[in-house]
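The following note sets out a series of numbered points on the model shown below. Each point may be checked against the coordinates.

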Amino acid sequence: MVHYYASMVPIMNMKQKRVKVLRWDPDNKRKPRAIGVEDAFELITLLKRGDDLWLRMGSTNAAVALGAFRRGIMVHQISYPRAMAHLGLATSNAVEVEDDDEDDEEGFNGANGSGKIKIMPEHIYTIAKDAPDAFYPVYAKQAEALSIIAAEKRFEDSMKLRIRGSNITRARLQEEAVIYGTVKGHPIENKEEVAGFIDAELGAKDEKGKKLAPADPRIQMLMAAEDQAGRHLDAVMKDSPLVEAVFGSIDGVGSRIGARFIRAIERIERFPKSHDLLNYAGMVPRGPQPVGGGGKLMSRRASRGQMLARRSQLNMACRLFQDQIFGFGRKTPFGQELTAQIERECPCTPEQRKESKELRIKHMVAVKRARINITRSLLKTIYRRWRDYMRDAS
């Protein structure tokens, strides 16, 4: 049994620089030996069934952990703040969360703004030797989450490619219109004609709101790839006991939004209390409670003396959930709760708000507060159910 210690390993190494990994054979009683790997695939090929892999959580390491687990490797993960805490680098109010998702080497801006603290493979080895319980082992139930993360990342990447391709195509057609007065060789008279050509190329909606197929074959290809990735994600979510246990009976959270929550959270065990998960999402009240309760709106900077650890990925998942409930999900339990909270705080009609600026402002604040409150309820539900599901993870 050989032990490998790594910090962050890229899927593809764009820097053309080998990544350091430590290798230690307990039967050989020597100190760990530093080796270099080009990327995640090369590391995976070194591992043999029965080996142990110790590494940081997050980013491309989720794929490394899943690939190693499926090959019979015992995988141990540690979050960035937990690693810092065991190295004596954590701040006094640190929460068991991480706020970076970068592919490159472990850069982290310290709380005091003094520069970057890097977690190296030597640090991973030291922590594993002195405090192995600081790592989270990967069992079958956690591998479910890693599979969902991989599928969601594939879907997000395909969506970004489609958006980028559409933006480039739009820009080129607009540029042609400005320079030559044509679009795809056709003379144009006004901006409306340019917009019509662009809609046809990218796929507009007809009068009934149905999406039309794009004329541009490259956009067709990108849309097909995105659709395929989306269907794969839906299938992974549908077959997952984790998803059923956490989101199964929650109306208004479909597979795409649920996958975003799972990817952003990754491991529910990192959060000692539900408040820490709310903090991670940026959904904690700040300052003194106003008269009537409810808390003030969230702040990125601080919450009752504790620094927020808001991660944009989880915060975005929360906002998508809010939009879903506020729009199409009004008849769901969360939607009914949202409406009831708004009406309690600002009982007024649209006509009354139209006539009163003060009522419009009051209603807007009530809507924001209600959206945050239902999201807090959702996160507490996710926390409780996910923790229960993982209770017997071995």
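1. The face of helix 4 turned away from its buried side carries two exposed residues, Lys129 and Asp130. Here buried means under 20% relative accessible area, exposed over 50%, and partly exposed in between, with a 1.4 Å probe and protein chains only. Helices (H or I, at least four residues) and strands (E, at least two) are DSSP runs numbered from the N terminus. The model is a predicted one, in which local features need pLDDT of at least 70, side-chain atom pairs count only at pLDDT 80 or more, and totals for chains, interfaces and linings use all residues. Residues are numbered from 1 along each chain as its sequence is written, and side-chain values use heavy atoms, with hydrogens and water left out.

2. The buried residues of helix 4 (residues 121–130) are Pro121, Ile124, Tyr125, Ile127 and Ala128. They lie on the same side of helix 4 because they cover an arc of only 165° around the axis, the arc being that of the directions from the helix axis to the C-beta atoms. These buried residues pack against strand 1 (3–6), strand 2 (19–24), strand 4 (52–56), strand 5 (74–78) and helix 3 (80–86). Contact means heavy atoms within 4.5 Å.

3. For the protein chain as a whole, the secondary structure comes to 14 helices and 10 strands. Of its 394 residues, 45% are buried. Among the contacts with a separation of 6 or more, 63% are between residues 24 or more positions apart.

4. Which residues have the most contacts inside the largest nonpolar core? They are Phe247, Phe261, Ile262, Phe321 and Trp386, in a core of 47 residues. A nonpolar core is a set of buried Ala, Val, Leu, Ile, Met, Phe, Trp, Tyr and Cys residues joined through side-chain atoms within 4.5 Å. The elements giving two or more residues to this core are helix 5, helix 7 (217–238), helix 8 (241–247), helix 9 (255–265), helix 10 (274–281), helix 11 (312–327), helix 12 (333–345) and helix 14 (357–390). Helix 14 gives the most, with 11 residues. A second, separate core of 25 residues includes Val21, Ala62, Val64 and Ala68.

5. Two packed helices are described by the angle between their axes and the distance between the axes. The axes of helix 11 and helix 12 come within 9 Å and cross at roughly 80°. Helix 11 is therefore roughly perpendicular to helix 12. Axes are lines fitted to C-alpha atoms, for helices over the stretch in contact, and angles run from 0 to 180 degrees between N-to-C directions. Angles under 35 degrees count as roughly parallel, over 145 as roughly antiparallel, 65 to 115 as roughly perpendicular and the rest as oblique.

6. In this pair, Phe321, Ile325 and Phe326 of helix 11 meet Phe334, Gly335, Leu338 and Ile342 of helix 12. The contact residues divide into 6 nonpolar, 1 polar and no charged. In this division Ala, Val, Leu, Ile, Met, Phe, Trp, Tyr, Cys and Pro count as nonpolar, Asp, Glu, Lys and Arg as charged, and the others, Gly among them, as polar. Leaving aside neighbours within four places in sequence, Phe321 is in contact with Gly252, Val253, Ile257, Phe261, Phe334, Ile374, Thr375 and Leu378.

7. Helix 5 and helix 14 pack at an angle of about 135°, with their axes 9 Å apart. That angle makes helix 5 oblique to helix 14. Lys141, Gln142, Glu144 and Ala145 of helix 5 make the contact with Trp386, Tyr389 and Met390 of helix 14. Its residues divide into 4 nonpolar, 1 polar and 2 charged.

8. Two further residues of helix 5 deserve a comment. Ser147, in helix 5, counts as buried at 17% relative accessibility. Apart from neighbours within four places in sequence, Ser147 is in contact with Leu66, Arg70 and Val236. Arg162, found in helix 5 (residues 140–180), is partly exposed, with a relative accessible area of 23%. Arg162 touches Leu222, Met223 and Glu226, not counting residues up to four places away in sequence. The C-alpha atoms of Arg162 and Glu226 are separated by 7.3 Å, while the two residues are 64 residues apart along the chain.

9. Backbone geometry is the last point. Glu266 is not a glycine, yet has a positive phi of about 65°. Its place is in the loop between helix 9 and helix 10, and at 4% relative accessibility Glu266 counts as buried. Lys184, also a residue other than glycine, has a positive phi near 55°. Lys184 is found in the loop between strand 7 (182–183) and strand 8 (186–187) and is partly exposed, with a relative accessible area of 48%.
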